[in-house]
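Reader: I have a new structure to read. Can you take me through it one feature at a time?

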Amino acid sequence: MMGRSRWETYRAKRLREMEADARSHPDYEQVGRDLELGDQLRKIRKRRGLAQKVVAERSRMSQPALSRIEGGGGIPDIATLLRLGAAMGVRFRVELVVDDDTTEIEPLTVHNRQLANI
């Protein structure tokens with residue numbers, strides 16, 4: 001598990017890489033969204049006082065997979081996201097807007113609401 005200063009160093013490195021690739025890599029915006037989602041999930045887990053191992057076990061995934069998601073290693077599918085929410089005692093409202101007239105997809109936004117009795 002990464003300590004706070006190690007996490008901040010890792011995150012800063014990922015953001016620098018993203019900025020350096022911004023002009024040459026077409027998916028740099030996706031990297032930013034991945035990092036944002038990972039940060040949101042990590043903050044929720046920390047606020048709930050849960051270890052990665054506990055959340056991973058509850059959501060039927062490996063701890064390294066959860067660590068990758070929290071580190072900006074990709075956006076999980078909706079089923080995984082819902083399992084993560086249940087494991088942390090929150091509900092996620094997933095908003096994804098696709099305009100059929102264009103190829104643009106709006107970013108994935110995750111909101112959470114604490115579940116009662118969990």
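**Reading the model**

Author: Start with confidence. This is a predicted model. The mean pLDDT of the protein chain is 77. Of its residues, 66% reach 70 or more.

Reader: Where is confidence lowest, and where is it highest?

Author: Where pLDDT is low, the predicted coordinates should not be read in detail. Here the lowest confidence falls in strand S2, residues 109-114, with a mean of 54. The highest is in H3, at 96.

Reader: How many helices and strands does the protein chain have?

Author: It has five helices and two strands. From the N terminus on, the order is α-α-α-α-α-β-β.

Reader: What share of the 118 residues counts as buried?

Author: The share is 31%. Contacts tell another part of the story. Take those in the protein chain between residues at least 6 apart in sequence: 53% of them join residues at least 24 apart.

Reader: Which residues have the most contacts inside the largest nonpolar core?

Author: First the general idea. In soluble globular proteins, nonpolar side chains tend to be buried together. In this model the largest nonpolar core has 16 residues. Those with the most contacts inside it are Leu 41, Val 55, Met 61, Leu 66, Leu 84, Met 88 and Phe 92. At least two core residues come from each of these: helix H2 (28-47), helix H3 (52-58), helix H4 (63-70), helix H5 (78-88) and strand S1 (90-95). H5 gives the most, with four residues.

Reader: What is Leu 66 in contact with?

Author: Set aside its neighbours within four places in sequence. Leu 66 then contacts Gln 52, Val 55, Ala 56, Met 61 and Leu 84.

Reader: Which residues of H4 are buried?

Author: They are Ala 65, Leu 66, Ile 69 and Glu 70. Seen down the axis of H4, the buried residues fall within an arc of 135°, so they line one face of the helix.

Reader: What caps the N-terminal end of H4?

Author: Ser 62 does. One of its side-chain oxygens lies 3.1 Å from the backbone nitrogen of Ala 65. After H4 comes Gly 72, with a positive phi near 85°.

Reader: Now a loop residue. Is Ser 59 buried or exposed?

Author: Ser 59 lies in the loop between H3 and H4. Ser 59 counts as buried because its relative accessibility is 1%, and the cut-off for buried is under 20%. Not counting residues up to four places away in sequence, Ser 59 touches Arg 83, Leu 84 and Ala 87.

Reader: How many aromatic pairs does a search of the whole structure find?

Author: One. Trp 7 and Tyr 10 form that pair, and it is tilted. The centres are 5.8 Å apart, with 40° between the planes.

Reader: Why are Trp 7 and Tyr 10 separated by about one helical turn?

Author: An α-helix has 3.6 residues a turn, so residues three or four places apart point the same way. Trp 7 and Tyr 10 are separated by about one turn because they are three residues apart in helix H1, residues 4-21. Trp 7 is buried, at 5% relative accessible area. Tyr 10 is partly exposed, at 28%.

Reader: One last residue. Where is Gly 32 found?

Author: Gly 32 is in helix H2. Gly 32 is partly exposed, with a relative accessible area of 23%. Gly 32 and Leu 15 are 17 residues apart in sequence. In space they are 7.7 Å apart, C-alpha to C-alpha.

Notes. Residues are numbered from 1 along each chain as its sequence is written. This is a predicted model: local features need pLDDT of at least 70, side-chain atom pairs count only at pLDDT 80 or more; totals for chains, interfaces and linings use all residues. Side-chain values use heavy atoms; hydrogens and water are left out. A nonpolar core is a set of buried Ala, Val, Leu, Ile, Met, Phe, Trp, Tyr and Cys residues joined through side-chain atoms within 4.5 Å. Buried means under 20% relative accessible area, exposed over 50%, partly exposed in between (1.4 Å probe, protein chains only). Contact means heavy atoms within 4.5 Å. pLDDT is the predictor's confidence in each residue, from 0 to 100. Rings of Phe, Tyr and Trp (its six-membered ring) pair if their centres lie within 6.5 Å; planes under 30 degrees apart count as stacked, over 60 as edge-to-face and the rest as tilted. The arc is that of the directions from the helix axis to the C-beta atoms. A polar contact is a pair of N or O atoms within 3.5 Å; within protein, one must be able to donate a hydrogen and the other to accept it, and residues adjacent in sequence count only if both atoms are side-chain atoms.
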